[in-house]
Amino acid sequence: MGVAIRTAGGDDRELVVRLLDEAFQDDPVSSWVFPGAEYRRVTHHRLMAAFTDATLADGRVDLVEDGSACALWMSVPAGDPGHGGADGGDDEFAALRHAVDPDNERVEMIGRLTAGTHPQGRAHAYLWMIGVAPGRQGEGLGTALIGSVLDRCDREGRAAYLEASSERSVRLYRRLGFELTGEPLRLPGGPLMYPMWREPRAAGAQA
């Protein structure tokens, strides 16, 4: 399947935020951070905006040309926790909570918890988020978005990392070469998140 993908810029910000907001409204982790459908409907987009802004500034957003799917990637050097959890990280998580939803401690907690499980010691590509429009899921758009980066990782000998938010996602990412690493992260009173790592494949290796 040929999928046209381009790198998003500042002019695409609102499109990316809206796409992520719609794609993650029913996600188990988003539902834990913002419990209650109405609360989530009016608040969730602020967190997606914060993630989008951070990635546009320091990473890369890949966007399917027709606006149906996007992926947020960060390039993480060796020794960097990948979630802003190095020096001053606590302040960053608190600032995120203040900007997004000041009375919601889970906004801050999700950053701290994922930072605590993020692998260190090796440079890698970090798939922060990937969102597909609800009406376009199951068309292979997510696989195309991820695959284009993983091909580059393989050429460069670079590992990749992500946190899957459901067992269904785990199965998808395993088909792309990711494997579970360490213990699942259990959100207090909420769902599991599954840290997954992918070693680069040698040229010509079987998919």
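Helices (H or I, at least four residues) and strands (E, at least two) are DSSP runs, numbered from the N terminus.

The structure is a predicted model, in which local features need pLDDT of at least 70 and side-chain atom pairs count only at pLDDT 80 or more, while totals for chains, interfaces and linings use all residues. Residues are numbered from 1 along each chain as its sequence is written, and side-chain values use heavy atoms, with hydrogens and water left out.

Helix α6 covers residues 141–156. Its buried residues (buried, under 20% relative accessible area; exposed, over 50%; partly exposed, in between; 1.4 Å probe, protein chains only) include L141, L145, V149 and C153. Just after α6, G157 takes a positive phi of about 70°. Together with strands β4 and β5, helix α6 makes a right-handed β-α-β unit. A crossover is called right-handed if, with the strands pointing away from the viewer, the path from the first strand over the helix to the second runs clockwise.

Strand β4 (residues 124–132) is largely enclosed by the rest of the structure, because eight of its nine residues are buried. On one side of the pairing scheme, β4 is joined to strand β5 by four bridges, and the two run parallel; two strands pair if DSSP finds at least two bridges between them. In this pairing H124 stands opposite A159, and L127 stands opposite L162. Strand β4 also pairs with β3 (residues 69–76) in the antiparallel sense, over eight bridges. There, G131 in β4 is the bridge partner of C70.

Strand β5 (residues 159–164) is mostly covered, with six of its six residues buried. In a regular strand the side chains alternate between the two faces of the sheet. In β5, A159, Y161 and E163 point one way, whereas A160, L162 and A164 point the other way, and all are buried. Five bridges join β5 to β8, and these strands run antiparallel. The bridge partner of A160 in β8 is R198, and L162 stands opposite M196.

Strand β8 (residues 192–198) is likewise mostly covered, six of its seven residues being buried. Two bridges join β8 to strand β6 (residues 179–180), in an antiparallel arrangement, with L180 opposite M196. Strand β7 (residues 185–186) also pairs with β8 in the antiparallel sense, over two bridges, and L185 stands opposite M193. β7 and β8 form a hairpin with five residues between them, and G189 in the turn has a positive phi of about 70°.

The structure holds six aromatic pairs. Rings of Phe, Tyr and Trp (its six-membered ring) pair if their centres lie within 6.5 Å; planes under 30 degrees apart count as stacked, over 60 as edge-to-face and the rest as tilted. The rings of Y161 and W197 have their centres 6.4 Å apart and their planes at 50°, so this pair is tilted. Y161 lies in β5 and W197 in β8, so the pair ties together parts that are 36 residues apart in sequence. Both Y161 and W197 are buried. The pair of Y173 and F178 is edge-to-face, at 6.0 Å centre to centre and 70° between the planes; Y173 and F178 are buried as well. One aromatic cluster is formed by F51, Y126, W128, Y161 and W197.

Helix α5 (residues 105–117) has 13 residues and reaches 19 Å from its first C-alpha to its last, close to the 18 Å expected at 1.5 Å a residue. In α5, V107, E108, I110, G111, T114 and A115 are buried. Seen down the axis of α5, its buried residues fall within an arc of 160°, so they line one face of the helix; the arc is that of the directions from the helix axis to the C-beta atoms.

The N-terminal end of α5 is capped by N104, a side-chain oxygen of which lies 3.0 Å from the backbone nitrogen of R106. N104 is placed in the loop between α4 (89–100) and α5, and counts as buried at 7% relative accessibility. A polar contact of 3.0 Å joins the side chains of N104 and Y39. A polar contact is a pair of N or O atoms within 3.5 Å; within protein, one must be able to donate a hydrogen and the other to accept it, and residues adjacent in sequence count only if both atoms are side-chain atoms.

Terms used
The expected span of a helix is 1.5 Å times one less than its number of residues.
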